[in-house]
Amino acid sequence: MDAYGILSLIFGLLGILSSYWYVGIVLCVVGLVLGIVGMVDSYMDSKPSLIGALLSVLGAILSIFFVVSDMDSDKLVINSSKFGGEKIETVKNDDFMRFHREDGEAEKAEDIEIPMKEAEEQEGEKTTPSWIDDSNEVERSEGTVIQSEENAEVQLEEIAEEERKIEKSENENYSVQILAEYTLPDGINWYTRRFMIIKNDSNETVEVQTSSIAYGQDDSMVSASESTLYALGAGCTSIVYEPFETDKAINRYDTDIKTKKDEFFESVLQDLSYTQNNIEDGAIFQVTNNGSEPADFVEGYALFFRNGQLVEYESAFFIDSDGELKPGATVSKQLSAYEDYDRMEFYLTGRR
């Protein structure tokens, strides 16, 4: 009879059944040793020893698995004089039964809360569970909500006031007048250029926006264009240029002009002066900044006329390498015409 094999079977089975506890691994180790000894000593029948050894190995694996699971579980051990020197153990709900299996299981859950309450009462502290409403906290929360709502209302009122100011500025019509307008076909039926001479009659620096539709000889639409003139100073005169891409002859224009106070740029036209030195086929213009600050994007337009009709134009920027005309500086440019002309007009644009 294989006594070692029988003992190995017994210890292996006990080890599997008790693998949920730490003692199971000890039983499995004993069963494995007995099974190995039984297989060595048994010459006739070693099946009980072999089965016992396999059961012991299986039990050992299960025991190790549960040991590792216990080590990974989230346990919290509190041992403090604050709780009257008692040791309170709390674990996750998932691991509660295994951790307290030999000590009364579910009764421990009640024992955890009692020392905590007693300790808190001794120290005069009150701990309110998260699910119980605290009237003081509610009042403070309501006060915070009310304050936040008041701040939001104030911000909304400020935004609305700012929008009203912008809308008023956009809708306010600053008086400008068109002194003259000229049309110049390019001669190759690609573009027709339109120039408008505009004077600001208001007391503010304005931004002038134009949007135009061109109509042909049969009064049908043939093209459209738009332009913006920035920082036209009070009482100043400048030029607006609109290019129309069409090969048709233009008979008339329908133009919408919008003006508003320029909130971003300042006028420089009142600070600029020029001298015109006529030469053959054009003129040399010398533009000077008489102000105390640089002028940006200063551009000059020379319009050439014959018998009252615009026959040619040329433009140039009167700026230095920094893109500006500095205070007291003068920039000279030659503007020429290839067509015969009998009169010339010159206009400046710019801003800062």
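Author: Helix 1, covering residues 3-17, has 15 residues and reaches 21 Å from its first C-alpha to its last, close to the 21 Å expected at 1.5 Å a residue; that expected span is 1.5 Å times one less than the number of residues. Helices (H or I, at least four residues) and strands (E, at least two) are DSSP runs, numbered from the N terminus. The model is a predicted one, in which local features need pLDDT of at least 70 and side-chain atom pairs count only at pLDDT 80 or more, while totals for chains, interfaces and linings use all residues. Residues are numbered from 1 along each chain as its sequence is written, and side-chain values use heavy atoms, with hydrogens and water left out.

Within helix 1, the buried residues are Gly5, Ser8, Gly12 and Gly15, where buried means under 20% relative accessible area, exposed over 50% and partly exposed in between, with a 1.4 Å probe and protein chains only. Looking down the axis of helix 1, these buried residues fall within an arc of 90°, so they line one face of the helix; the arc is taken from the directions that run from the helix axis to the C-beta atoms.

Beyond this helix, the protein chain has six helices and 15 strands in total, and 34% of its 352 residues count as buried.

Its largest nonpolar core has 29 residues, and Leu232, Leu272, Phe285, Val298 and Phe346 have the most contacts inside it. Such a core is a set of buried Ala, Val, Leu, Ile, Met, Phe, Trp, Tyr and Cys residues joined through side-chain atoms within 4.5 Å. Several strands each supply at least two residues of this core, including strand 5 (206-215), strand 6 (221-232) and strand 11 (295-306), and strand 11 gives the most, with four residues. If neighbours within four places in sequence are left aside, Phe346 is in contact with residues that include Tyr274, Phe285, Val287 and Leu335, contact meaning heavy atoms within 4.5 Å.

Strand 5 and strand 6 also pair with each other, in the antiparallel sense and over nine bridges, two strands being paired if DSSP finds at least two bridges between them. Val206 stands opposite Leu232 in strand 6. Three strands form an open antiparallel sheet in the order 6-5-8, and strand 6 and strand 8 (252-261) stand at its edges with a single partner strand each, so one side of each is left without a neighbour in the sheet.
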